[in-house]
Amino acid sequence: KIKSVRNAKMILGVELLKKMNDEVIKKIVKAYDNETGFQFIFTPLELLGVERKHGDIKVRFNEALCRIEEFFEFKDSVALNNLARIIGVTENDLKSICLSVSSKLTQKGFNTLLEEKGFKVEEKFRKGTNFIFYLVSNK
């Protein structure tokens with residue numbers, strides 16, 4: 001049984017954006033669209049027998065949720081069927097699989113998210129222009 005912890009505090013390190021526009025979005029997507037990152041995020045699928053040749057990794061920015069999303073889109077129906085069988089879904093449910101999600105918020109957006117989730121910001125520590133540490137507590 002998990003007990004509620006009162007007056008708990010934690011430190012969150014967050015990369016924040018000053019503004020969101022097409023130029024910023026293109027830079028963010030480009031930074032995620034690289035082989036080094038792909039090797040890291042693809043490992044769970046490799047453990048299930050999927051190989052990179054079975055599809056393509058696509059990086060996109062979801063404007064509605066303000067986040068980067070990395071998906072593996074299958075082009076090999078045999079690999080798709082095998083994975084669907086292993087994880088217990090139909091082939092139609094699994095045309096692509098989400099490998100990674102990374103939210104990209106402005107400071108105002110992150111503060112709103114903390115408030116919505118019931119956290120109180122105790123202190124902020126800025127590091128450079130785009131990184132900030134929050135000391136937060138539960139209310």
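Reply: Here is a walk through the salt bridges, with a stop at one strand residue at the end.

A quick word on the model before we start: it is predicted, so local features need pLDDT of at least 70 and side-chain atom pairs count only at pLDDT 80 or more, while totals for chains, interfaces and linings use all residues. Residues are numbered from 1 along each chain as its sequence is written, and side-chain values use heavy atoms, with hydrogens and water left out.

Side chains of opposite charge can pair when their charged atoms come close. The term salt bridge here means a side-chain nitrogen of Lys or Arg within 4 Å of a carboxyl oxygen of Asp or Glu. This structure holds 6 of them, and we'll look at some.

Let's begin with Asp56 and Lys75, whose side chains meet in a salt bridge at 3.7 Å, N to O. Asp56 belongs to strand β2 (residues 55–62) and Lys75 to the loop between β3 (67–74) and α3 (77–87), so this pair ties together parts that are 19 residues apart in sequence. (Helices, H or I with at least four residues, and strands, E with at least two, are DSSP runs numbered from the N terminus.) Asp56 is partly exposed at 33% relative accessibility, whereas Lys75 is exposed at 58%. Those words have cut-offs: buried is under 20% relative accessible area, exposed is over 50%, and partly exposed is in between, using a 1.4 Å probe and protein chains only.

Next up is Glu73, which forms a salt bridge with Arg60, their closest N and O atoms being 3.5 Å apart. Glu73 lies in strand β3 and Arg60 in strand β2, so here the pair ties together parts 13 residues apart in sequence. Both ends are partly exposed: Glu73 has a relative accessible area of 28%, and Arg60 has 33%.

Then there's Arg67 with Glu69, a salt bridge at 2.8 Å, N to O. Arg67 is partly exposed at 24%, but Glu69 is buried at 7%. Salt bridges with shared partners join Arg60, Arg67, Glu69 and Glu73 into one network.

Last stop: Phe74, also found in strand β3. Phe74 is buried, with a relative accessible area of 14%. Leaving out residues up to four places away in sequence, Phe74 touches several others, including Val50, His54, Leu80, Leu83 and Ile97; contact means heavy atoms within 4.5 Å. The C-alpha atoms of Phe74 and Ile57 are separated by 8.9 Å, and these two residues are 17 residues apart along the chain.
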